[in-house]
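Keep the structure in view while reading.

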Amino acid sequence: MNSIKSFSDHTQCGRLEVHLVGGFSDDRQLSQKLTHQLLSEFDRQEDDIHLVTLCVTELNDQEENENHFPVIYGIAVNIKTSEIYRASFQDRGPEEELRATRALTGGPMISIYDAETEQLRIGPYSWMPFPHVDFWLQQDDKQILENLSTSPLAEPPHFVKHIRSTLMFLKKYPSPANTLFLGNKALLYKKNEDGLWEKISSPGS
């Protein structure tokens with residue numbers, strides 16, 4: 001919250017606006033729990049926060065053959081016009097497999113973008129060995145979908161391919177501190193003039 005407010009230090013008016021989009025009426029009610037946690041956290045803030053958009057859980061749910069699916073899987077924001085619209089992404093940013101491996105091994109959700117420097121800061125990360133990697137790599141798509149997804153029926157088409165790629169990465173780099181983050185330094189990326197992410201020197205190098 002402080003990082004967002006820091007960009008408005010020079011202003012004397014305005015308000016903080018929140019747009020929440022995502023989740024659906026899943027069988028395990030994970031979306032409901034996450035939505036409640038987010039709203040509770042915003043409610044605890046001392047700042048005056050205005051909830052502008054709320055498209056979550058049952059408000060973002062559709063049902064087909066008694067199975068529930070999200071209506072919207074992803075959104076984008078036009079920062080010049082403030083327009084919010086449905087979007088899908090072929091490019092998921094630098095070091096996708098590295099970031100996905102951290103999540104698969106239990107890493108908590110974090111922000112990797114520094115708006116002040118306009119850089120992505122990835123890592124350094126470490127993780128415990130994932131049990132039975134070879135076993136999971138030998139399983140068919142159905143087994144991976146049913147056992148490594150929280151909502152197997154609602155996953156997008158690329159899910160299994162993404163999980164297999166992540167497992168292969170995990171097998172290749174069981175100890176990232178010794179291979180990916182030499183000197184315990186983060187990986188830094190910044191957009192070039194063409195709007196593409198470009199790797200830059202690690203801090204202190």
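A residue counts as buried when its relative accessible area is under 20%, as exposed when that area is over 50%, and as partly exposed in between. The model shown is a predicted one.

**The chain as a whole**

The protein chain has 7 helices and 10 strands. Its C-alpha trace spans about 60 × 55 × 35 Å along the principal axes. Of its 205 residues, 27% count as buried. Among contacts between residues at least 6 apart in sequence, 57% join residues at least 24 apart.

**Aromatic pairs**

A pair of aromatic rings is described by the distance of the centres and the angle of the planes. The chain has 4 aromatic pairs, and two of them are listed here.

| Pair | Centre to centre | Angle between planes | Arrangement |
|---|---|---|---|
| Tyr125 and Phe181 | 5.7 Å | 70 degrees | edge-to-face |
| Phe135 and Trp136 | 5.2 Å | 75 degrees | edge-to-face |

Where do Tyr125 and Phe181 lie in the chain? Tyr125 is in the loop between strand E8 (119–122) and helix H4 (133–137), while Phe181 is in the loop between helix H7 (176–179) and strand E9 (187–191). The pair therefore ties together parts that are 56 residues apart in sequence.

Tyr125 has a relative accessibility of 10%, so it counts as buried. Phe181 is buried as well, with a relative accessible area of 1%. Tyr125 also has a charged neighbour: Arg102 lies over the face of its ring, at 5.0 Å from the ring centre.

In the other listed pair, is Phe135 buried or partly exposed? With a relative accessible area of 43%, Phe135 is partly exposed.

**Two packed helices**

Two packed helices are described by the angle between their axes and the distance between the axes. Helix H3 (residues 96–104) packs against helix H6 (residues 159–172) at an angle of about 90 degrees, and their axes are 9 Å apart. Angles of 65 to 115 degrees count as roughly perpendicular, and H3 and H6 are therefore roughly perpendicular to each other.

Which residues make this contact? From H3 they are Glu96, Glu97, Leu98, Ala100, Thr101 and Leu104. From H6 they are His162, Ser165, Thr166, Leu167, Phe169 and Leu170. Sorted by class, the contact of H3 with H6 has 6 nonpolar, 4 polar and 2 charged residues.

Methods. Residues are numbered from 1 along each chain as its sequence is written. This is a predicted model: local features need pLDDT of at least 70, side-chain atom pairs count only at pLDDT 80 or more; totals for chains, interfaces and linings use all residues. Side-chain values use heavy atoms; hydrogens and water are left out. Rings of Phe, Tyr and Trp (its six-membered ring) pair if their centres lie within 6.5 Å; planes under 30 degrees apart count as stacked, over 60 as edge-to-face and the rest as tilted. Helices (H or I, at least four residues) and strands (E, at least two) are DSSP runs, numbered from the N terminus. Buried means under 20% relative accessible area, exposed over 50%, partly exposed in between (1.4 Å probe, protein chains only). A charge sits over a ring if NZ of Lys or CZ of Arg is within 6 Å of the ring centre and within 35 degrees of the ring normal. Axes are lines fitted to C-alpha atoms, for helices over the stretch in contact, and angles run from 0 to 180 degrees between N-to-C directions. Angles under 35 degrees count as roughly parallel, over 145 as roughly antiparallel, 65 to 115 as roughly perpendicular and the rest as oblique. Contact means heavy atoms within 4.5 Å. Ala, Val, Leu, Ile, Met, Phe, Trp, Tyr, Cys and Pro count as nonpolar, Asp, Glu, Lys and Arg as charged, and the others, Gly among them, as polar.
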